[in-house]
Amino acid sequence: MSDSVRLALDNGAVLLLHEDHANPSIAIRGSVRAGAAYGAPGVAECAARLLFRGTTRRSAAAMSDAIEDLGAALSSTNAEEAIAIHGRCTAETLKATLRLLTESLASPALAETELEKVRGEVLGDIRAQQDDTRRAATRRLSELVYSRDHPYGRDPKGDETSARKVRPKDVRAFHGAHYGAAGLILALSGDLDGKTLQNTVASAVEGLDAGSPPNPVRAPKPETRKSATIPMAHKTQADFVAGRVAVARSHPDYYALNLANLLFGRIGLYGRLGTTVRDTLGLAYYSFSSLDARLAGGHWSVSAGVNPKNLVKAVQAIRVEAERLEKEPFTEQEIRDGKTHLVGALQVNLERNAEYAGALHDVEYHALGTDFLARYPALVRAVDPDSVRKKAVACFDPTACSWVVSGPVAGLKLAF
Amino acid sequence: MATATHTLDNGLTVLLHSMPEAPAVTVWVGYKVGSRNERPGITGATHWVEHMLFKGGGELKKGDIDAIIGRLGGKFNGFTDTDFTIYFETVPPDHLDTALMIEAERMRNAAFDPQETEAERGVIISEREGGENNPKVLLFEELWHLAFHAHPYHWPVIGWKTDLERIRRDELYEYYRQHYAPNNAVLTIVGAFSEEEAMRRVAAHFGPFRPEDQPAPSGVTEAPQEGERRGVIRRAGTQDHLMIGYRVPEIAHPDTAPLLVLQAVLGGWHGVGLLGGPFVSRSNRLYRGLVDAKLATDVGAQHALRRDPGLFVVEATVREGVDPSKVERAASEVVEKLRRKPPTEAEIARALRQIRVWHAYDRDGPTARGLLLTWFEVIANHRFLDDLLERCQSLAPEDVRRVADAYLGEDNRTVCTFLARREAG
């Protein structure tokens, strides 16, 4: 990150810049700490979807025309902790694009007519998720791992009941309370320089009200192990997911656990898991593991899409792979390969402006320090191999995981 | 930087595009073989061959490609389409030779171990079944199936399940040996590398391969459509979907440019690459006519760029409580309006600007640029996209109305609807 610029404004907003003139475009990646954790169910989702749908000065149609007439793009999506902002423009259209972005952040219309359209979209998305074996299973796993009492356990979209209940005044109150500059990060990468950051970007953003700094999300507590079945008789394939609470991004065990997860279910075509379940046994198109590390906590999970007749065998194979971590721990070679992967991937993944802006954003979001990208290779190399092996055995313990299966599985007897 | 073109004696086309400051180098190899080269009985063979080419051969053992690229932190993948098959590795710049070695082994020395081929049958059937879970995938398959009676676009790239259950290893291997040859391929390198050294290494890895006679194209020409075709899928689900496919000419046809502008006016523009991002266009005719009217929750229009005549697809997800036939009528009205009256100057100006600017977004980074160069060299030539998008810039509203009128008529369309039965679960 040595060639990047960080600018903290008086109103609390943080701006980040990576200058790269190889492509005549600029990628924007931002966030506002106004996710579902901070509002009644469904309200944050509607607020995020309404962000670029008109302001007090222009209608929704005029706003989309203004963005698209520039050839620019702006979008906002809601999640548990924050809304994500994505944007694209050129050096020529940067100023106008930022004007539309800040106008939307400062004075969105949040109009009833647009809310009605958004309500239909949210309901449609909830229904699409209910009919999607993978999304439905993943959603249900979050509820089991964190419980619905915790924001990470609830669907950021809310449910059908909450989506129907959201009113314009709810969204306006939520926006007023949570869309301040104090929780705003904007990272830009591409065809601009430090002077432009100062003169164009900072001057557009510094006019935003600070608002209140975001409250931290409380840490999730480990839940007791549970399981669920979501029968969908009309589907061809079943999805299996299992997981448990892991660590926050800031936890000291993160680097060891991240490396362990890489080796278990990601590297190459899905690590040890993919080698067995997909490559050797031919049971699934995908079988991988994920480590989702957030501000206040996180979870580890394993997923596979399988024909129901192979489900028992595939789940057994996943379990055997997890248990093998104790009897056949990661070798020195595997750990060396994992470390070189992480260091190389950082370099390769920064080849595009969108990815670079995303990396800058994430560093700031997780308060990793302005020199983080430069320090990252050393951090990875310093991870103790024994710690990786121990964390893998402790965290990827199938007997501690909750699990969900969805699809044409009614009556199927499954154990994990 | 310009793209340099070389051709080896064995017919391999090599494209070099230097980006000296890039933190990576990408190697793409595209083959002029897709599901359009298949015949009934071996549908899905192209895609299955693609899967087998990650399983070693020559200097590479099973799992080596994953392990080698994995430890470098690189990206790699393969894609099969109707018209081409394409592979890539993006790696740190000092590992260009590794990527070239992998692609050279893949071109002529893949193992096709019988046991591995059998294991992959399960993986591919699983991939197909994952697609069958998705109503939109089912509907898309039905649309092309109905719209083309004779041409290989009739079947899906992944193939029919009955063929996937039957195809033998030797059929796949024969198909591979026939089509994976230097004279049927394009090799592209983009990123930080020395052109002279790169060509030396390309010649060392690929120069010894002999060209193969390529079978003549199937020559199947789809007869003109003489009336609307309709298909319905009734299945348990939670949402209704609509897809309308209009028969349109091949990519090389002069009307491709106005059809792309028509796509932007009708459904918005997200570039032609695979990295469009999470953006929704709302300044387009279909959004205003269907989503703003609370008939649909999302809409889209796509002119498929194919070597042979294909489809221009209009689609919508029906809003809960709305009769799908009402959505179809509204979509038809939007289309009919454009057939009768040209889009406004403002709409054309917006579309042209979007097409121009998104072309820059599409080429951000070596991997994205490598994809576009290789893809278009395989189906036309690598300059084609630049030329095509440039041609768009000189179009007038009437050009767009003319192609809408010529191709988006009722007798030229196939309408497919997914009607979700809500009671099942």
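S147(A) is placed in the loop that runs between α5 and α6 (160-165) of chain A. The model is a predicted one, and in it the phi angle of S147(A) is near 75 degrees, a positive value in a residue other than glycine. S147(A) counts as partly exposed, because 17 other C-beta atoms lie within 10 Å, whereas a residue needs 20 or more of them to be buried and 12 or fewer to be exposed.

A residue of chain B can be described in the same terms. K294(B) lies in the loop between α10 (285-291) and β9 of chain B, and its phi is near 60 degrees, again a positive value in a residue other than glycine. With 15 other C-beta atoms within 10 Å, K294(B) is also partly exposed.

The next topic is the domains. Chain A is assigned domain 1 (4-205) and domain 2 (227-407), and the centres of these two domains of chain A, taken over C-alpha atoms, are separated by 28 Å. Their contact takes 30 residues from domain 1 of chain A and 32 residues from domain 2 of chain A. On the side of domain 1 of chain A that touches domain 2 of chain A, the elements giving two or more residues are β1 (4-8), β2 (14-19), β3 (26-32), α5 (133-146) and β6 (184-190) of chain A. Of these, α5(A) gives the most, with 9 residues.

Chain B, for its part, is divided into domain 1 (4-206) and domain 2 (229-421), with 27 Å between the centres of the two, taken over C-alpha atoms. Here the contact takes 35 residues from domain 1 of chain B and 28 residues from domain 2 of chain B. The elements that give two or more residues to the side of domain 1 of chain B that touches domain 2 of chain B are β2 (13-18), β3 (25-31), β5 (85-91), α5 (135-147) and β6 (185-191) of chain B, and the largest share, 10 residues, comes from α5(B).

| Domain 1 of chain A that touches domain 2 of chain A | 14 nonpolar residues | 10 polar residues | 6 charged residues |

In chain B, an open sheet of 5 strands has the order β7-β11-β8-β10-β9, with mixed pairing. Because β7 (229-236) and β9 (296-303) of chain B stand at the edges, each with a single partner strand, one side of each is left without a neighbour in the sheet. On average, neighbouring strands of this sheet are turned by 10 degrees against each other, direction ignored. β9(B) pairs with strand β10 (residues 310-318) of chain B in the antiparallel sense over 7 bridges, and D298(B) has T317(B) in β10(B) as its bridge partner. The helix α5(B) lies across β7, β8 (241-248), β10 and β11 (413-421) of chain B, running at about 150 degrees to β11(B).

Finally, the two chains touch each other in a contact that takes 62 residues from chain A and 64 residues from chain B. The side of chain A that touches chain B divides into 21 nonpolar, 26 polar and 15 charged residues.

How values were computed: Residues are numbered from 1 along each chain as its sequence is written. Chains are lettered from A and ligands numbered from 1 in the order in which they are written. This is a predicted model: local features need pLDDT of at least 70, side-chain atom pairs count only at pLDDT 80 or more; totals for chains, interfaces and linings use all residues. Two residues are in contact if their C-beta atoms, placed from the backbone, lie within 7 Å. Ala, Val, Leu, Ile, Met, Phe, Trp, Tyr, Cys and Pro count as nonpolar, Asp, Glu, Lys and Arg as charged, and the others, Gly among them, as polar. Domain bounds come from an automatic or database domain assignment. Helices (H or I, at least four residues) and strands (E, at least two) are DSSP runs, numbered from the N terminus. Two strands pair if DSSP finds at least two bridges between them. Axes are lines fitted to C-alpha atoms, for helices over the stretch in contact, and angles run from 0 to 180 degrees between N-to-C directions.
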